[in-house]
Amino acid sequence: MPWSPADIADAIHAGLKKRAAEDDLEQAVYGFDALDELGMHPIIQQSLRDAGYGVWPEQRYPSDRESKKKKSEGKRCDVVITRDGRPLRDPHAKSTLFDQPGAVDFEDAYWLEVKLVAQFEKTGPFRRYSSELLSPVASDIKKLWNDGGIYHSGLLLILLTADQVTAEHDLLTWHRKCLEKGYPVAAPAARGMRITERIGNGYCISAVFGVRGV
């Protein structure tokens, strides 16, 4: 059964919307837009769990599992998703007594890289906003595309900007530049919302770009 980037985007949007409401209810000095990328990961993971997905953070890429014996070595994907909360199969346990019932093989799971770029941070405007948006994000796409053990994957891009116009413009500009460079990214499943402006960011847009298996 094919994966739906739109369903994944809906789940993450629901979780971010919930967190924004909690920040407002608590009258928090800083909202979730003040978090760095790693700080955002638990929110994303919980959003996916709440939607019924199995969530497996920081999984080594399949190709690195084959070429690097030590578990501490190799590139890692931010999160791997399975349907219905099912476990992710350890390839070495397949067809053994240690294999988990209902486990999902790597090629049937959805590999998701996460990138967060904010126009404003606690100390003021983020001066590397444009360069951060273009370079590291593209490298994540290449990692997903170049691994022959991955059949379904995508990039989650979260933009935090002053307003909706900026967010939508920058998202479409980024996608266009990726296509111009020949990067294999599908049209985004994008979800946006206004957030309470605390440090300069008044809008959040989260978009899932399919890279493989769409």
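View 1. Helices (H or I, at least four residues) and strands (E, at least two) are DSSP runs, numbered from the N terminus. The model is predicted: local features need pLDDT of at least 70, side-chain atom pairs count only at pLDDT 80 or more, and totals for chains, interfaces and linings use all residues. Residues are numbered from 1 along each chain as its sequence is written, and side-chain values use heavy atoms, with hydrogens and water left out.

**View 2. Strand 3 between its pairing partners.** Strand 2 and strand 3 run antiparallel and are joined by 3 bridges; two strands pair if DSSP finds at least two bridges between them. Strand 3 runs parallel to strand 6 (residues 153-161), with 8 bridges joining them. Trp111 figures in both pairings: Trp111 is the bridge partner of Val80, and Trp111 stands opposite Ser153 in strand 6.

View 3. Val80 belongs to strand 2 (residues 76-82) and is buried, with a relative accessible area of 0%. Leaving aside neighbours within four places in sequence, Val80 is in contact (heavy atoms within 4.5 Å) with Gly54, Val55, Trp56, Gln59, Leu88, Ala109, Tyr110 and Trp111. Val80 and Ala28 are 52 residues apart in sequence, and their C-alpha atoms are 31 Å apart in space.

**View 4. The second largest pocket.** This pocket holds about 210 Å³ of space. On a 1 Å grid over the protein atoms alone, a pocket is an open set of points where a 1.4 Å probe fits, with protein on both sides within 12 Å along at least five of seven lines; lining residues have an atom within 4 Å of a point. Grid points are joined across faces, edges and corners, and the volume is the space filled by probe spheres set on the points. The lining has 14 residues, of which Leu35, Asp36, Leu116, Ala118 and Glu121 lie nearest the centre. Strand 3 gives the most to this lining, with 4 residues; strand 3 (110-118) and strand 4 (120-121) each supply at least two. By class, the lining divides into 7 nonpolar, no polar and 7 charged residues. Ala, Val, Leu, Ile, Met, Phe, Trp, Tyr, Cys and Pro count as nonpolar, Asp, Glu, Lys and Arg as charged, and the others, Gly among them, as polar.

**View 5. His41 and Glu58.** His41 is placed in helix 2 (residues 37-50) and is buried at 8% relative accessibility. Beyond four places in sequence, His41 touches Glu58, Asp78 and Val114. Glu58, in strand 1 (residues 54-60), is partly exposed at 36%. The phi of Glu58 is near 50 degrees, a positive value in a residue other than glycine.

**View 6. Cys77 and Cys178.** The structure holds 0 disulfides, a disulfide being a pair of cysteine sulfur atoms within 2.5 Å. The sulfur of Cys77 is 17 Å from the closest cysteine sulfur, in Cys178, and so too far for a bond. Cys77 is buried at 0% relative accessibility, and Cys178 is buried at 4%.

Methods
Buried means under 20% relative accessible area, exposed over 50%, partly exposed in between (1.4 Å probe, protein chains only).
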